[in-house]
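Dear colleague,

Please find below the sequence and structure that I am handing over to you. My notes on what was found follow directly after.

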Amino acid sequence: MTRLALVTGAARGIGAATVARLKADGFDVLAVDRGEDDPRLPYSLGHFHRGPDTADAALDVVGEGRVVPVQADTTDVDALRAVVEQAGGALDVVVAAAGVIAGGVPAWELDADAETAVLETNLGGVMAAARVGVPALLRRPEPRAGRFIAVASTAAQRALPQLAAYCAAKAGVVGYVRALAVELGGTGVTANTVSPGSTRTPMLDESARLYGLESAETFAAQQPLGRLVEPDEVAAVIAFLAGRDTHAITGADYPVDGGLAL
Ligand SMILES: NC(=O)c1ccc[n+]([C@@H]2O[C@H](COP(=O)([O-])OP(=O)(O)OC[C@H]3O[C@@H](n4cnc5c(N)ncnc54)[C@H](O)[C@@H]3O)[C@@H](O)[C@H]2O)c1
């Protein structure tokens, strides 16, 4: 039977790369994205349109799976629930990749609405994906191979000045998923996080702008790897964790950061 995955933040960047990987691995994928800008933030978010690095591009990836782009906000539990119910109510994999960034000023000076957007989307969005996604993973009959995977960040481990709210949200994601993993013990559903370093996406362009840098390429020098991480390299680890053979991995945080956290 074809396995069904739900991916949030799927219109571009790491989420879109994950959709493409999972489709290539034969998954059917519900590719969920807000698909419109957030008025609390000064940069543009992902939109569904055909172009390089978008979820629509995943439609062209060779593989047996189907991709269904869905416009929904990852913080909207009712909207996520409707997406899952329409797809039959049960899932095999949930990837919570939706995220936003704000900062560029000391923690106490960050615009309050932008701060709320960062906490609500990055942490609240993962919790909403679990609120809807975990029951859907548990709806599969035993023996299960359900996988809940959230995208955290090096920011969960390492202080990134002028990104304090983002660091708080991502540390929250790692703590939340660790506890979730224990709660899911014995169910056949695992819960893990993947923590990318500086990865070539529009969010990194926004991070460069927040720091007053000319280009996101500047971040490459901070990583022992000596270059930016590519979205597909993060997606490869997510797809590995999504596989049936990873029963023994739960509550783990996988760095895909070229050594940035060291
Ligand atoms: N790019 C990096 O260097 C980096 C590093 C560490 C962690 N991350 C994390 O990786 C994840 C993906 O980021 P990215 O770099 O691909 O960013 P991106 O901005 O390129 O893509 C994020 C996607 O999430 C969507 N999104 C935002 N808010 C949403 C919401 N409320 N509901 C549904 N979709 C929403 C956007 O529309 C966009 O398509 C994020 O959680 C981010 O924090 C990124």
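I begin with the packing of the helices. Helix 4, which spans residues 112-138, packs against helix 5 at an angle of about 15°, and their axes are 8 Å apart. Angles under 35 degrees count as roughly parallel, and helix 4 is therefore roughly parallel to helix 5. The crossing in which helix 4 passes helix 5 is right-handed. Please bear in mind throughout that this is a predicted model.

Helix 4 also packs with helix 3, which covers residues 77-86. Here the angle is about 25° and the axes lie 9 Å apart, so helix 3 and helix 4 are likewise roughly parallel to each other. Helix 3 passes helix 4 in a right-handed crossing.

A further pair is formed by helix 1 and helix 7, the latter comprising residues 231-242. Their axes come within 8 Å and cross at roughly 50°, which means that helix 1 is oblique to helix 7. This crossing, too, is right-handed.

I turn next to the ligand. How many residues surround it? The number is 30, and the closest are D33, G46, Y166, T199 and T201. Sorted by class, this shell contains 14 nonpolar, 11 polar and 5 charged residues.

- R12: an N or O atom of the side chain is 2.9 Å from an oxygen atom of the ligand.
- A97: a polar backbone atom is 3.0 Å from an oxygen atom of the ligand.
- Y166: a polar side-chain atom is 2.6 Å from an oxygen atom of the ligand.

Is the ligand buried or exposed? Taken alone, the ligand exposes 830 Å², and the protein buries 98% of that area. Which element gives the most? Helix 6 does, with 3 residues.

P143 belongs to the loop between helix 4 and strand 5, the strand being residues 146-151.

The other point concerns Q162. Although Q162 is not a glycine, its phi is positive, at about 70°. Q162 is located in the loop between strand 5 and helix 5.

With kind regards

Notes:
Residues numbered from 1 in each chain as written. Predicted model: local features only at pLDDT ≥ 70, side-chain atom pairs only at ≥ 80, totals over all residues. Heavy atoms only, no water. Near = heavy atom within 4 Å. Polar contact = N/O pair within 3.5 Å; in protein donor to acceptor, adjacent residues only side chain to side chain. Areas by Shrake-Rupley, 256 points an atom, 1.4 Å probe, with all protein chains shown as cover. Helix = DSSP H or I, 4+ residues; strand = E, 2+ residues; numbered from the N terminus. Nonpolar A, V, L, I, M, F, W, Y, C, P; charged D, E, K, R; others polar. Axes fitted to C-alpha atoms, helices over the stretch in contact; angles between N-to-C directions. Parallel < 35°, antiparallel > 145°, perpendicular 65-115°, else oblique. Left-handed = near helix turned anticlockwise from the far one by under 90°.
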